[in-house]
Amino acid sequence: MKMNLERLRRGVLRFLILDALNLRPMHVYEIMKTIETRFNGVYKPSPGSIYPVLKSLIKEGSVTVVEKDGKKVYKLTEDGEQKWAEAKAHVKHFFSNTNYRRLASELFDLSLVLYNYRSKLEKPEVFHDVDLVLMECRKKIEMILEDHNKEVS
């Protein structure tokens with residue numbers, strides 16, 4: 001179960017990197033800032049998470065790297081542009097699913113609740129209690145989805 005989730009995270013980061021590089025060639029810091037901007041500062045990948053994905057994208061021929069002004073600049077290849085377009089179409093289709101949109105809306109509403117009570121979350125005991133509830137919820141959701149995945153297989 002953890003492995004699948006980690007693979008999903010890498011897949012999402014892979015898409016985010018391709019999406020950033022689709023704008024223009026960039027060095028790692030620019031890729032990180034572009035992704036951070038897309039998430040309004042809520043998420044910023046670390047260099048340690050970006051470099052392995054870039055290495056994989058280079059190895060498969062989706063990205064090239066050149067040295068410019070002493071910095072490595074990463075650029076999509078034609079293959080990378082095609083993979084980005086395919087991934088973008090898949091993501092667009094996935095997000096158009098009404099059930100998914102409803103669940104994502106519920107999660108967004110929950111994030112607003114957390115935001116509204118952000119001052120209370122500064123208390124370690126309150127943060128701990130809320131964190132436990134969220135982790136338990138996540139585990140239950142993963143168990144439900146894994147169980148249904150087994151039924152389909």
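These questions and answers walk through a predicted model.

User: How do the axes of α2 and α3 lie to each other: roughly parallel or roughly perpendicular?
Analyst: Helix α2 covers residues 28-38, and helix α3 covers residues 47-59. They pack at an angle of about 110°, with their axes 11 Å apart. Angles of 65 to 115 degrees count as roughly perpendicular. The two helices are therefore roughly perpendicular to each other.

User: Is the crossing of α2 and α3 left-handed or right-handed, and which residues of α3 make the contact?
Analyst: The crossing is right-handed. From α2, the contact uses Val28, Ile31, Met32 and Ile35. Their partners in α3 are Pro47, Ile50, Tyr51 and Leu54.

User: Which residues of helix α2 are buried?
Analyst: Buried means under 20% relative accessible area. In α2, that group is Val28, Ile31, Met32, Thr34, Ile35 and Glu36.

User: Is Glu36 buried or exposed, and what is its relative accessibility?
Analyst: Glu36 is found in helix α2. Beyond its neighbours within four places in sequence, Glu36 is in contact with Gly41, Tyr43 and Lys44. The cut-off for buried is under 20%. Glu36 therefore counts as buried, at 17%.

User: Which residue just after α2 takes a positive phi?
Analyst: Look just past the end of the helix. The phi there is about 50°, and the residue is Asn40.

User: How are the rings of Phe39 and Tyr43 arranged?
Analyst: The count of aromatic pairs comes to one. The ring centres of Phe39 and Tyr43 are 5.4 Å apart, with the planes at 75°. Planes over 60 degrees apart count as edge-to-face. So the pair of Phe39 and Tyr43 is edge-to-face.

User: Which residue lies over the face of Tyr115?
Analyst: A charge can sit over a ring if CZ of Arg is within 6 Å of the ring centre. Here the distance from the ring centre of Tyr115 is 3.9 Å, and the residue is Arg118.

User: Where is Asn22, and which residues is it in contact with beyond its neighbours in sequence?
Analyst: Asn22 is in helix α1, residues 2-23. At 31% relative accessibility, Asn22 counts as partly exposed. Asn22 and Thr77 are 55 residues apart in sequence, yet 9.7 Å apart in space, C-alpha to C-alpha. Leaving aside neighbours within four places, the contacts of Asn22 are Leu76 and Trp84.

Note on methods:
Residues are numbered from 1 along each chain as its sequence is written. This is a predicted model: local features need pLDDT of at least 70, side-chain atom pairs count only at pLDDT 80 or more; totals for chains, interfaces and linings use all residues. Side-chain values use heavy atoms; hydrogens and water are left out. Helices (H or I, at least four residues) and strands (E, at least two) are DSSP runs, numbered from the N terminus. Buried means under 20% relative accessible area, exposed over 50%, partly exposed in between (1.4 Å probe, protein chains only). Contact means heavy atoms within 4.5 Å. Rings of Phe, Tyr and Trp (its six-membered ring) pair if their centres lie within 6.5 Å; planes under 30 degrees apart count as stacked, over 60 as edge-to-face and the rest as tilted. A charge sits over a ring if NZ of Lys or CZ of Arg is within 6 Å of the ring centre and within 35 degrees of the ring normal. Axes are lines fitted to C-alpha atoms, for helices over the stretch in contact, and angles run from 0 to 180 degrees between N-to-C directions. Angles under 35 degrees count as roughly parallel, over 145 as roughly antiparallel, 65 to 115 as roughly perpendicular and the rest as oblique. A crossing is left-handed if the near helix is turned anticlockwise from the far one by less than a right angle, and right-handed if clockwise.
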